[in-house]
Amino acid sequence: MRRRLLQATLLAVAVTALVLGIPLAVSALKLVEDIKRGDLAGRAQQIATRLDEQIAAGDPIDLTNVRLVVPNDARLTVRVRDREYTYGTDPGEAPLVEKVSMVRSGTVRLALPSGPVRTQQVQVAGGVLLLAVLSAAAGGFVAILTARRLAEPLRHVADRASRLGAGDFRPDRRRHGVPELDRVADALDASGAALSQLMQRERELVGDVSHQLRSRLTALQLRLEALTETDDSETAEEAGAALEQAERLSGVLDDLLAAATAARARDAEPLDVSAELADVAEEWREQFRTEGRTLRLRIADGLLARATPARLREAIGVLLDNALRHGEGTVSLSARYGSGTVLVQVGDSGSGVPDQLVPHVFARGFSGGGSTGVGLALARALVEADGGRLELSSARPATFEVYLPVARADDVLGVPWRTDSSPR
């Protein structure tokens, strides 16, 4: 896009420079010649007037009185009654000539060498062309700045749309002062909020349905187990068959929930969590330093999990931002292998989460610190979209834990892992 904008603008500047520069150069050539011819004509007319005065007074033609009017290197030729008077040097080939008639039946002719005039014409035309080139260069510079100014917002909006497709639903408040692009950014923010709410409602619905079905199935299985122990063999047989169907139904429910979780996490990929967390910490370190806080890392090497890079970075970013805004003291970011998961912990040394807020800490729109109340709900939705979990493991001090599924062996084969071994 930037290249196209730059090419279009440079083409317009080049066409403008050619359309204006060439006529200006031609006009400059003609203007120099016209000025020189006008000067010659004026001098010839002045000489003719003086000579007419001499003739009227009955004096003979004397060119001494008009020599000062003749330009250097020019030749003056006067014809009066079939007599010719000359003064000056030969102007060479193709001179500039101006001829004026006298009142007393004579002519005055001034011839000037064309070489100096042509040189002056070339100088003026070169100045005009140089000005056109400088204008084109200035236009090109402006074109580059304009293309960059227009292309950078377009790239930012495209990246925002890409992050939205990858599951990053956090609003982006950056605007560029271009009304059309700002409307697109507003639409992306609104879409991200709507998708986040939809994902949260879907998760809550699946959880509620799963809980209700499991509760009912458990109660049904208990009743059927009791019926299988009755003395009536026919009733016990039917109860056993019904119990078998209930167990199959429970298995189908487990399979459906597993399929739903796998569908949400279909974009997850084997990821070097150690390197990813180190990059996230590097991005946030300066903000903590500005606030006089410390970010401490305890990240084991070679942690491999299934996750989406954008979702993981945003979720950890939310937790670090929450610790920076609402916590105190040193903030710790640690990661290690757990039982079948990669466990990521984010904690601080502050007073923690008040007891009355603990049940609602992940509720969307609920906040005890004057914020929007969207961050933690969004972070949980992002983690769960990759098949993980986000929990508040400790209220005092506040410690959040992210559980990510460990990458399977068949996922790891053939994957070009990041091997960032920088000190943490």
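Trainee: Which residue takes a positive phi in the hairpin of strand 8 and strand 9?
Mentor: That's glycine 340, with a phi near 75°, and the hairpin has three residues between its strands. Keep in mind that this is a predicted model: local features need pLDDT of at least 70, side-chain atom pairs count only at pLDDT 80 or more, and totals for chains, interfaces and linings use all residues. Residues are numbered from 1 along each chain as its sequence is written, and side-chain values use heavy atoms, with hydrogens and water left out.

Trainee: How many bridges join strand 8 to strand 9?
Mentor: Six, and strand 8 (residues 331-337) runs antiparallel to strand 9. Strands here are DSSP runs of E with at least two residues, helices are runs of H or I with at least four, and both are numbered from the N terminus. Two strands pair if DSSP finds at least two bridges between them.

Trainee: What stands opposite tyrosine 337?
Mentor: Valine 342, in strand 9.

Trainee: Is strand 9 mostly buried or exposed?
Mentor: Six of the seven residues in strand 9 (residues 341-347) are buried, so the rest of the structure largely encloses this strand. Buried means under 20% relative accessible area, exposed over 50%, and partly exposed in between, using a 1.4 Å probe and protein chains only.

Trainee: And how many bridges does strand 9 have with strand 11?
Mentor: Seven, with strand 9 and strand 11 (residues 399-405) paired in the antiparallel sense. In that pairing, leucine 343 stands opposite tyrosine 403 of strand 11.

Trainee: What's the strand order in that sheet?
Mentor: The order is 6-8-9-11-10, an open sheet of five strands with mixed pairing.

Trainee: Which strands stand at the edges?
Mentor: Strand 6 (295-299) and strand 10 (389-394); each has a single partner strand, so one side of each has no neighbour in the sheet. Neighbouring strands are turned by 15° against each other on average, direction ignored. Axes are lines fitted to C-alpha atoms, for helices over the stretch in contact, and angles run from 0 to 180 degrees between N-to-C directions.

Trainee: Which strands does helix 6 lie across?
Mentor: Helix 6 (residues 309-326) lies across strand 6, strand 8, strand 9, strand 10 and strand 11, and runs at about 170° to strand 11. Helix 7 (residues 375-385) also packs on the sheet, touching strand 10 and strand 11, and its direction makes about 130° with that of strand 10. Contact means heavy atoms within 4.5 Å.

Trainee: Switching to rings, how many aromatic pairs does the structure hold?
Mentor: One. The ring centres of phenylalanine 362 and phenylalanine 400 are 6.0 Å apart and the planes are at 80°, so this pair is edge-to-face. It links distant parts of the chain, 38 residues apart: phenylalanine 362 is in the loop between strand 9 and helix 7, while phenylalanine 400 is in strand 11. Rings of Phe, Tyr and Trp (its six-membered ring) pair if their centres lie within 6.5 Å, with planes under 30 degrees apart counted as stacked, over 60 as edge-to-face and the rest as tilted.

Trainee: What sits over the ring of phenylalanine 362?
Mentor: The charged end of arginine 380, 3.9 Å from the ring centre. Likewise, the charged end of arginine 389 sits over the ring of tyrosine 403, 4.3 Å from its centre. The test is NZ of Lys or CZ of Arg within 6 Å of the ring centre and within 35 degrees of the ring normal.

Trainee: Last one: why does phenylalanine 400 count as buried?
Mentor: Because its relative accessibility is 4%. Phenylalanine 362 counts as buried too, at 11%.
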